[in-house]
Amino acid sequence: MTQSLLAKLDELQVKVSSLAKALEQSRFDSKSAKEQVEALRRENELLHKKVNHAQGQINQMLNQWFPELELNSEE
């Protein structure tokens, strides 16, 4: 009886240890994913600014060539 209980306790200890490792890995993965999302958000913001700037320059050039278009080149 005691041997059986000790064996079950050992099994539970292995399972708990395995679950603890899985939880730790999950937390690490979650942190990594959050950092990746934030990096992508910053990159997206930078690209958006570059696109807006380029669009403003294009509009400015078009306004010089075709003043009747009156494109917004303030950006």
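At 37% relative accessibility, E45 counts as partly exposed, a class lying between buried (under 20% relative accessible area) and exposed (over 50%), computed with a 1.4 Å probe and protein chains only. E45 is found in helix α1; helices are DSSP runs of H or I with at least four residues, strands are runs of E with at least two, and both are numbered from the N terminus.

The model is predicted: local features need pLDDT of at least 70, side-chain atom pairs count only at pLDDT 80 or more, and totals for chains, interfaces and linings use all residues. Residues are numbered from 1 along each chain as its sequence is written, and side-chain values use heavy atoms, with hydrogens and water left out.

The structure holds four salt bridges, each defined as a side-chain nitrogen of Lys or Arg within 4 Å of a carboxyl oxygen of Asp or Glu.

R41 and E38 are three residues apart in helix α1, so about one helical turn separates them. R42 and E38 are four residues apart in helix α1, again about one helical turn, and E45 and R41 are likewise four residues apart, with about one helical turn between them. Through shared partners, salt bridges join E38, R41, R42, E45 and K49 into one network.

The side chains of E45 and R41 are also joined by a polar contact of 2.9 Å. Such a contact is a pair of N or O atoms within 3.5 Å; within protein, one must be able to donate a hydrogen and the other to accept it, and residues adjacent in sequence count only if both atoms are side-chain atoms.

**Nonpolar surface patch**

M61, W65, F66, L69 and L71 make a nonpolar surface patch of about 490 Å². Patches consist of residues with over 30% relative accessible area and no salt bridge, with like charges joined within 9 Å and nonpolar side chains (Val, Leu, Ile, Met, Phe, Trp, Tyr) within 5 Å. Accessible areas come from the Shrake-Rupley method with a 1.4 Å probe, and for residues only the protein chains shown count as cover. L71 lies in the segment after α1 (2-65) and is partly exposed, with a relative accessible area of 30%.
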